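Trainee: Could you take me through one part of this model in close detail? I would like to hear about the salt bridges and then the pockets.

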Amino acid sequence: MPSAELINLVPYLVPTTGGLAILILGIWPKRVSIRLLSTATLFFLLLGAAATLLWQVPGTVGSMLVIDDLSRVFTLFFMLGAAAIVLLSFGHAPIRNELQEEYLSLILFATLGMALLVSSNNLISAFLGLEILAVPLYALIAWQPIRYGAIEGGIKYAVLAGFATAFFLYGVALVYASSGTLDLTELNTVAGDESLLPVAITLILVGVGFKVALVPFHMWAPDIYQAAPSPITALFASFSKAATIVFLIRLLCLQLPQIWEALLPLLWGLALISMVVGNLLALNQQNLKRLLAYSSIAHLGYILVGLAAGTAQGRDAAIYYAVTLAIMNLGAFAVIVALTRREQDRENLADYRGLGRRYPMLGLAMGIYLLALAGLPPTAGFMAKLLAFGAAVEAGNMMLAIVAVLNTALAFFYYLRVMMEFYSEQETSLNTIPPTQGTLIVIIIAIVLIIGLGIFPQWLLGSLQLP
């Protein structure tokens, strides 16, 4: 293998080696403290992030992985995001005493899956990335078996992810049957069965739809959000979904533009029902985790508004939206972690009543995240919606843009309801424990990124040199 490809391989080898090393340290005859194991996990993730910066773009690893601006930006993003999840896990009182080497190694392997997925130039490597990401999530969702709904949530996700995998593999089989190749670069050039290929990509889209919880494949999402420990819900809601969306963007927008064009009516419909159903189901939710789950479904609809435009402007808007949505969700769940009780998470909105007044910094942070999710300036959420809706208008999808704006107004109602509970004059009697420094660092960095990307969107868009 050429030396350049070996260098490109390092960011994938680091989390793999790290995951195995953490497992070995966990069974070492002399007991290693969980603090030391967490520090070692952070070291491997930061080492992986540093190795990503050494990539020479463009590049490849064999014919399976492609090294470009998209894979470099998102692999770096996932390495740092996984480090944030480790910090949140260490600061989350309900699971702090149950952190073990398996938990930390599963986060490292999930990071490897996300990195493989966004770099995949072949449907086999994409499938491996999806499964390496999904399998650790099964275990992490059910990490505390005694917690209400944990086992049910893990089993439910495993079963439905199996359905998603079946659709994905059936689509992959049809791709090979229609074209004779699974290489995405070759797929764009070979003369295959032009009627079968769109069907195959549609089946892959169904598999991806299950993974990210697009309507009508969304029913599992609120249960999983509620069942998982909050740091794992943050991983699930933020980086896991972003990785799957980026793979979809690479497949449709960069490698198969002709299929993208053929599927625009389908993307239009999925965007419409995801926005409407997600927001309507979130309206009367009293459980904050379930509310954020339905909110995420609606935001996926906004991302599809950009993709349904069928233009480079819409593609870039979808990429920008995927990043900012991950940061906004990470920040919101970081506040939930910071306000957790010793025994369990606060889940109902009433459990947060008045906490914005008792803890002004956390209240301010949650206010910024919610305003960003609602799409108010000068946050990144506003810029994400502006880019996505602007792309729809430019492409002539005026009706979809109007529906998206109306849904944004509808969503503002339930985000405002959460803020009113945070700043209610009545105060919950449920005590909390002081947040750790790691949790506060994640909250502050998320605020800086949300405001920074809202004012200077070119920080992200300028780093992507896509055709």
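Mentor: **Salt bridges and pockets**

A network of salt bridges links Glu152, Lys156, Asp223 and Arg290; a salt bridge here is a side-chain nitrogen of Lys or Arg within 4 Å of a carboxyl oxygen of Asp or Glu. Please keep in mind that this is a predicted model, where local features need pLDDT of at least 70, side-chain atom pairs count only at pLDDT 80 or more, and totals for chains, interfaces and linings use all residues. Residues are numbered from 1 along each chain as its sequence is written, and side-chain values use heavy atoms, with hydrogens and water left out.

Across the whole structure, the search finds ten salt bridges. One of them joins the side chains of Asp69 and Arg72, at 3.3 Å from N to O. These two are three residues apart in helix H3, so about one helical turn separates them; helices are DSSP runs of H or I with at least four residues, numbered from the N terminus. Asp69 is buried at 9% relative accessible area, while Arg72 is partly exposed at 25%. Buried means under 20%, exposed over 50%, and partly exposed in between, with a 1.4 Å probe and protein chains only.

Another salt bridge pairs Arg353 with Glu421, whose closest N and O atoms are 2.9 Å apart. Arg353 sits in the loop between H15 and helix H16 (355-358) and Glu421 in helix H19 (residues 398-422), so the pair ties together parts that are 68 residues apart in sequence. Arg353 is partly exposed at 27% relative accessibility, and Glu421 is buried at 16%.

Now to the pockets. The second largest pocket has a volume of about 430 Å³. A pocket is an open set of points on a 1 Å grid over the protein atoms alone, where a 1.4 Å probe fits, with protein on both sides within 12 Å along at least five of seven lines; lining residues have an atom within 4 Å of a point. Of its 25 lining residues, Arg147, Tyr148, Gly149, Gln226 and Glu347 lie nearest the centre of the second largest pocket. H7, helix H10 (221-227) and helix H14 (288-307) each give two or more residues to that lining. By class, the lining of the second largest pocket has six nonpolar, seven polar and twelve charged residues.

The largest pocket holds about 650 Å³ of space. Its lining of 25 residues has Leu76, Phe77, Leu80, Ile445 and Leu449 closest to the centre. The lining of the largest pocket divides into 22 nonpolar, two polar and one charged, and H3 gives the most to it, with nine residues.

Methods:
Grid points are joined across faces, edges and corners, and a volume is the space filled by probe spheres set on the points. Ala, Val, Leu, Ile, Met, Phe, Trp, Tyr, Cys and Pro count as nonpolar, Asp, Glu, Lys and Arg as charged, and the others, Gly among them, as polar.
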